[in-house]
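These are my notebook entries from a reading of one structure. I went through the chains in turn and then turned to where they meet.

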Amino acid sequence: MDELLDQARSIYEGEIDFEGQRLAETISTILLSISGIVAFLTGFITQNIYQTLYIGLGGTALTFLVVVPQWPFFNRHPQPFLPPRTGRGALAEGISVEVDGKKVS
Amino acid sequence: MHNALNRLQTTFGFFTTCAFTLASIIALLSIVPLPAPVGSPSASVSVRNVQVVKGRPHYYATKREEFDLEADLSSLFTWNTKQLFVYVTANYPTSKDGQGGISEAVIWDTIIPATSTPYSWQNLKQKYFPDKKKSKSKSRRESLSKKSTDLVKPGFIALKNQKPKYQITDPTGIISERANATLHVSWNVQPWVGALIWDKGYLGSRVGQWDAGKVGKSETFSFPPLKGSKPEVVKEKAPQTPKVGSASPVVEI
C-alpha cells in the first residue's frame, strides 16, 4: 500500500532530475518566445489581430503540454544517491544502543 | 522546476511577461502609425431645420434639428482597432463677448465596430459549432445583422436628414437666439490594446489628421428664437396692484 501511495505521489508531484529541470526551463523560454514572435509577425502581416491571439494562445498551450507533465525524457539523468544504510555496514559495530539493559539496533 | 506545479507556475509567469510585451509592442506600433495609414479621414456635416422648443416644466428650452453627415473614416481602422466612436457636437460660444469659451453639447453618436473577419470569435463559433435549428427567428436576425456588417465597408457614413439622438439644452436654460453655433464631427478610436485616440488630441493628429478642407465642421448657424413666441410682444398695460400707501379709494379699470 505504501509503495502504491508513493508511486501516486511521485506521479502527482512530477519530480524530475536536475538536468531535466534545466531542459524544461530552456524549452519553455524558447517555445514561448518563438510563439510570441511568430504570433506578432503573422498578425502584423495579415493585419488581423485574431491571428496573433490564436497563435499566441496555441503556442502557450503547446508549451504547457511539453513542459509541465513528467515526461520520461526529463528523467534521463537521475541523481546517483548512495544506497541507504541498513545498519549492517562497517560502522554498524561501532554503534550500539542499549535500552533498559537490552541491546537495540 | 522540480515539481509539476512549480513548472506550471514558472511557465505561466513567463507567458504573462511575453503577452504583456507583445501587447505593448502592438500598442506602440499603433501610435507611431506603422503601417502608415492610407488616406486620412474626411467628413462634412450640414445643418437644416433647427428648432428651439420649450421643454419640461423646468423651462429648459430644448433644441431639435436635423443634419446631414457624410464621412469617410476608413483609414482609422487598423488591425488594432476594435471599434470607432463617432459623435456630432453642437459648439457655440457661451457668452456674447466670447468670455466664457465654447460650449459643446453632443447631439448624436454611434459606435462602428471593426469588420468581423473570418477569424473573429462569432464567425469561428458559427463555423465549428453551428447553431442548431432551435430558434429560427434568432438565426435569421443574426444572419441579417452579419450581412449588414459585411456588406458595408467600415467607416463610411452617409446620413441625410438625421434626427439627433439627444436634445441639448444650456445650463443657463436659454438656448434660443444664440449665434455662431457650428456642428462638429469627432471620432475616438478604441483599440484592442493600447491608448484611446481622440481626434482632437495629440495622438489623433499623428494617426488621423483630417483632410484639408474637409474637417467636419458645418457652417455657422444661430439658434432660432423660441418656437411659438413672437419676436416683439407689445405688453398691454395690465391693471397693477397699487403701491403701498398710494392706494386711492377709486380703482381704475
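**Entry 1: chain A as a whole**

What percentage of the 105 residues of chain A count as buried? I looked this up first, bearing in mind that the model is predicted. The value is 24% of the 105 residues of chain A.

I then listed the secondary structure of chain A and found three helices and two strands. Along the sequence their order reads α-α-α-β-β. For contacts in chain A with a separation of 6 or more, I noted that 56% come from residues 24 or more positions apart.

**Entry 2: A:F74**

I next looked up A:F74, which sits in the loop between helix 3 and strand 1 (97-99) of chain A. Is A:F74 buried or exposed? Its relative accessible area is 1%, so A:F74 counts as buried, the cut-off for that class being under 20%.

I listed the neighbours of A:F74, leaving out residues up to four places away in sequence. A:F74 touches A:I16, A:D17, A:G20, A:L23 and A:A24, and also A:V66, A:V67 and A:P69. I also checked the spacing to A:D17, which is 57 residues away along the chain. The C-alpha atoms of A:F74 and A:D17 are 6.9 Å apart.

**Entry 3: two residues with positive phi**

I looked up the backbone of A:Q47, which is not a glycine and yet has a positive phi of about 55°. A:Q47 is placed in the loop between helix 2 and helix 3 of chain A. Its relative accessibility is 32%, so I recorded A:Q47 as partly exposed.

Where does B:N161 lie? B:N161 is in strand 5 (residues 156-162) of chain B. At 39% relative accessibility, B:N161 counts as partly exposed.

**Entry 4: chain B as a whole**

How many helices and strands are there in chain B? I found four helices and seven strands, and their order along the sequence is α-β-β-β-β-α-α-β-β-β-α. Chain B has 253 residues, of which 34% count as buried. I took contacts in chain B between residues at least 6 apart in sequence, and 72% of these join residues at least 24 apart.

I consulted the UniProt record as well: an unreviewed entry lists residues 12-34 of chain B as "transmembrane region". In the model, the chain over residues 12-34 of chain B is 87% helix and 0% strand. The end C-alpha atoms of that stretch are 30 Å apart.

**Entry 5: B:T81**

I then examined B:T81, which lies in strand 3 (residues 81-93) of chain B. B:T81 is buried, with a relative accessible area of 3%.

Which backbone atoms lie by the side chain of B:T81? The backbone oxygen of B:L76 is reached at 3.1 Å by the side chain of B:T81. The backbone nitrogen of B:T78 is 2.9 Å from a polar atom of that side chain. Not counting residues up to four places away in sequence, B:T81 touches B:L76, B:A114, B:V189, B:Q190, B:P191 and B:W192.

**Entry 6: helix 1 of chain B against chain A**

Last, I looked up how helix 1 (residues 4-31) of chain B is placed against helix 3 (residues 49-67) of chain A. Their axes come within 10 Å and cross at roughly 165°. These two helices are therefore roughly antiparallel to each other, as angles over 145 degrees are classed in that way. Their crossing is right-handed. From helix 3 of chain A, the contact is made by A:I49, A:T52, A:L57, A:T60, A:T63, A:F64 and A:V67. From helix 1 of chain B, B:R7, B:L8, B:T11, B:F12, B:F15, B:L22 and B:I26 take part.

At what angle do the axes of helix 2 (residues 18-46) of chain A and helix 1 of chain B cross? I noted roughly 25°, with the axes coming within 10 Å. Helix 2 of chain A and helix 1 of chain B are therefore roughly parallel to each other, and their crossing is right-handed. Among the residues making this contact are A:A24, A:S28, A:G36 and A:F40 of helix 2 of chain A. The residues from helix 1 of chain B include B:F14, B:C18, B:I25 and B:L29.

Definitions and conventions: Residues are numbered from 1 along each chain as its sequence is written. Chains are lettered from A and ligands numbered from 1 in the order in which they are written. This is a predicted model: local features need pLDDT of at least 70, side-chain atom pairs count only at pLDDT 80 or more; totals for chains, interfaces and linings use all residues. Side-chain values use heavy atoms; hydrogens and water are left out. UniProt positions are given in the numbering used here, feature names are shortened, and annotations may be inferred rather than shown by experiment. Buried means under 20% relative accessible area, exposed over 50%, partly exposed in between (1.4 Å probe, protein chains only). A polar contact is a pair of N or O atoms within 3.5 Å; within protein, one must be able to donate a hydrogen and the other to accept it, and residues adjacent in sequence count only if both atoms are side-chain atoms. Contact means heavy atoms within 4.5 Å. Axes are lines fitted to C-alpha atoms, for helices over the stretch in contact, and angles run from 0 to 180 degrees between N-to-C directions. Angles under 35 degrees count as roughly parallel, over 145 as roughly antiparallel, 65 to 115 as roughly perpendicular and the rest as oblique. A crossing is left-handed if the near helix is turned anticlockwise from the far one by less than a right angle, and right-handed if clockwise.
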